[in-house]
Amino acid sequence: MDRTDRTDRPDSTDSTDSDRGDCSGRPAGLLSIGTFARRTRLSAKALRLYDRLGLLTPAHVDAATGYRSYLPEQVEQARTVALLRRLDMPLADIAAVVRLDGERAASALDGYWAGVEERHAAQRTLVGYLRGRLSGRSTAVQGTFEVKIVEVPDTPVLSETRHLVSDELPVWIGTSLGRLERAAAEECSGITGSPFVIYHSDVSEESDGPAEACVPVADLDAARAWVKERGRAQGLTARVEPAYRMAYVRITKAQVVYPQILAAFDAVEEWITREGLVCTGPCREVYFADWDTAGPEDEVCDVAFPVR
C-alpha cells in the first residue's frame with residue numbers, strides 16, 4: 001500500500017480524542033487523522049489536499065507509518081478553511097487568509113467579498129442587457145437610462161492614445177489616467193475637471209480603437225512642455241478639446257463593465273436619433289468619482305456623445 005494512501009485512511013483503532021503516545025507512534029496529546037476528520041467533518045482526501053497546499057499542515061507525521069496527527073487547536077483552523085470554501089473562495093486565497101492574524105485575516109475576507117459582490121452586480125447588469133438583446137426588447141433595458149444634455153466648454157487636456165482591445169481596456173484606463181493625473185497635479189498647475197476616455201474607433205474583442213485617455217489641466221503650456229520631454233512616441237499629447245454639447249447617461253460602477261456598458265451607449269444613440277440630433281464626434285466615458293472607493297451600485301461614469 002502507498003504510504004500517502006495510508007495517511008488518508010482514518011485510524012480504526014482510535015477510541016479517544018487523542019493518543020497516549022504509545023505504540024501508535026504519535027506523541028501524546030495529538031489527534032489521529034480519524035479523530036481529526038470526525039471533529040472537523042472533513043474527509044481524509046480534503047485533509048490531504050489542504051496539507052499539500054499548505055492550508056492545514058499536520059503537527060506530526062510518523063516516519064515509519066506515514067500516519068498524520070493534528071493538534072486539538074487545529075480543529076478550529078480546519079473548520080475555518082471549510083467555511084471559506086463554502087464561499088467559493090479559491091484555495092490560493094484561503095491559504096493567504098489563514099496565514100494572517102485575526103484583524104488582517106478579516107480584512108482580507110472583506111476584500112475578497114467586495115470583489116464577489118462587484119462581480120455579481122456586473123453579472124446582474126449583464127443578464128439584463130442580454131435579456132433585452134435576446135428578447136428583441138432592448139428598449140426595456142435602455143428605458144432605465146435617463147439621457148441628459150450639458151454644454152462643455154473648451155478644455156485644455158493632457159492625453160495618451162493607445163490601440164488596444166476590450167480585455168486590455170480596464171487596466172489601461174486606470175494606469176493611463178493615473179499617470180496623466182500625477183503629471184497634471186505636479187507639472188501642469190493642477191487638474192481642472194473630470195478625466196475622460198474618448199473612443200476614436202470601436203474597442204472590442206476584434207477592434208483595437210484607438211482610445212484616448214484625457215485629463216483636463218490648468219496650464220496647457222506646461223502640459224506641452226511635459227509631453228515634449230517624453231516624446232510623442234508614447235502616444236502623449238497636450239491639446240484643447242473643443243467646446244461641444246454633450247448627450248449623456250450616468251451609470252454605476254457595475255454597469256461600466258464590458259459588454260454591459262454597451263447598453264448605455266445604445267441608449268444614448270437611440271435617444272439622439274429619436275430627438276433628431278446628430279453626433280458630431282466620437283463617444284466617450286467621463287469618470288467623475290473615485291473608482292477605488294466606489295461600490296458596485298455607486299454612480300461613477302457618464303457615457304456620452306457630442307451632438308448638435
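Analyst: Arg-41 is found in the loop between α2 (33–40) and α3 (44–52). Bear in mind that this is a predicted model.

User: Why is Arg-41 called exposed?

Analyst: Exposed requires over 50% relative accessible area. Arg-41 has 67%, so the label applies. Arg-41 also has a positive phi of about 60°, although it is not a glycine.

User: What makes Asp-88 count as exposed?

Analyst: The cut-off is again over 50%. Asp-88 is at 62% relative accessibility, so Asp-88 counts as exposed. Its place is the loop between α4 (74–86) and α5 (91–98). Asp-88 is not a glycine, yet its phi is positive, about 65°.

User: Why is the pair of Phe-36 and Tyr-70 called stacked?

Analyst: Two tests decide. Ring centres must lie within 6.5 Å, and planes must be under 30 degrees apart. Phe-36 and Tyr-70 are 4.0 Å centre to centre, with 5° between the planes.

User: What makes the pair of Phe-265 and Phe-305 edge-to-face?

Analyst: Edge-to-face needs planes over 60 degrees apart, with centres within 6.5 Å. The centres of Phe-265 and Phe-305 are 6.0 Å apart and the planes stand at 90°, so the pair is edge-to-face. Phe-265 belongs to helix α11 (residues 261–274) and Phe-305 to strand β11 (residues 299–307), 40 residues apart.

User: Why are Phe-265 and Phe-305 called buried?

Analyst: Buried means under 20% relative accessible area. Phe-265 has 10%, so Phe-265 is buried. Phe-305 has 5%, so Phe-305 is buried too.

User: How do you know that the charged end of Arg-250 sits over the ring of Phe-288?

Analyst: The distance limit is 6 Å from the ring centre, and the charge must also be within 35 degrees of the ring normal. The charged end of Arg-250 is 4.0 Å from the centre of the Phe-288 ring and is listed as sitting over that ring. Arg-284 lies over the face of Tyr-244, at 4.8 Å from the ring centre.

User: Which peptide bond is cis?

Analyst: The bond joining Gly-209 and Pro-210, with omega about 20°. Pro-210 is found in the loop between β6 (196–199) and β7 (211–216).

Note on methods. Residues numbered from 1 in each chain as written. Predicted model: local features only at pLDDT ≥ 70, side-chain atom pairs only at ≥ 80, totals over all residues. Heavy atoms only, no water. Helix = DSSP H or I, 4+ residues; strand = E, 2+ residues; numbered from the N terminus. Buried < 20%, exposed > 50% of the residue type's maximum accessible area, 1.4 Å probe, protein only.
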